[in-house]
Amino acid sequence: MDQYVVFGNPIGHSKSPLIHRLFADQTGQQLEYNTLLAPLDDFSMCAQGFFKQGLGANVTVPFKEEAYRLVDSLTPRAKRAGAVNTLSKLADGSLQGDNTDGAGLVRDLTVNAGVQLSGKRILLLGAGGAVRGVLEPLLAQNPASLVIANRTVEKAEQLAREFADLGPVAASGFSWLQEPVDLIINATSASLAGELPPIAASLIEPGKTVCYDMMYGKEPTPFCRWASEHQAAKVLDGLGMLAEQAAEAFFIWRGVRPDTGPVLDELRRQLARG
Ligand code: ATR
């Protein structure tokens, strides 16, 4: 049977095996997909060992940058992202790295939530790996503006400089922003600590601004709660992005695009059960 895994550390709670098994059932593809706990100091040996047999892998925290350095070739979007979340063994035996996170976010927003990004004012909170991974696909949607706001402003400025050739991107501190925007995407890890980036409520125009948290959980994240309290038009969490980045990886490996709708419903049911 064709072998696939997701590498991470920790990896026990990954939803990727469930997602890919549901995709395989739905599309009639014969494959096995498991978790693989890679040692923190030995990802590359672990990956090379797996690919003696395996055909493809996803990569999650903390190995996405290491995977970027390991591969023989990179897709243009992985190169821009500076990180790899999808590995594929090509016909010549070489290893290719791709990054489907940004495509997953854009598809969740535009297809699943029906939010058009062209001509819109987008605010991205954070300036870490999660932001770097989605900048190119977001700018490809031709927003009117894309502001990266971060606690450490220099990191936002660095990213804005690096992606300036792709569109109207600027950097900011959190407290400098007051005017409403069309879309706010939280890509900070503040939710992990139960915190919220300190941004003004005036950034939300009630009934118009869409708020998206790349994180998700059983309960709404602090950012999603804040967005609901200030009457955001839509409040979305990152579960759809998770399903969509997986669907994009599945498509790369198998040439078939699964329907994420029923899979997302199942993920939502399981999350509610805890
Ligand atoms: P990831 O790969 O998930 O992006 P990261 O590279 O560690 O992780 O980046 C974490 C991001 O969350 C950073 O933008 C960080 O801000 P700093 O660059 O100033 O460190 C942001 N972040 C983490 N905790 C935060 C908090 N409590 N409030 C606001 N921003 C926070």
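These legends go with close-up views of the ligand and of a pocket in a predicted model. Local features need pLDDT of at least 70, side-chain atom pairs count only at pLDDT 80 or more, and totals for chains, interfaces and linings use all residues. Residues are numbered from 1 along each chain as its sequence is written, and side-chain values use heavy atoms, leaving out hydrogens and water.

**View 1. The shell around the ligand holds 14 residues.** Coming nearest are Ala127, Asn150, Thr152, Lys155 and Glu195 (a residue is near if one of its heavy atoms lies within 4 Å). By class, the shell has four nonpolar, seven polar and three charged residues, with Gly counted as polar.

View 2. Thr152 has a side-chain N or O atom 2.5 Å from a ligand oxygen, and a polar side-chain atom of Lys155 is 2.6 Å from a ligand oxygen. Glu195 instead faces a ligand nitrogen, at 2.5 Å from a polar side-chain atom. The ligand taken alone exposes 650 Å², and the protein buries 71% of that (Shrake-Rupley method, 1.4 Å probe).

**View 3. Here is the second largest pocket, with about 150 Å³ of space.** A pocket is an open set of points on a 1 Å grid over the protein atoms alone, where a 1.4 Å probe fits, with protein on both sides within 12 Å along at least five of seven lines; lining residues have an atom within 4 Å of a point. Of its 13 lining residues, Gly217, Glu219, Pro220, Asp237 and Arg268 lie nearest the centre. Helices α8 (222–229) and α10 (260–273) each give two or more residues to this lining (helices are DSSP runs of H or I, at least four residues), and α10 supplies the largest share, three residues. The lining divides into six nonpolar, three polar and four charged residues.

Note on methods:
Grid points are joined across faces, edges and corners, and a volume is the space filled by probe spheres set on the points. A polar contact is a pair of N or O atoms within 3.5 Å; within protein, one must be able to donate a hydrogen and the other to accept it, and residues adjacent in sequence count only if both atoms are side-chain atoms.
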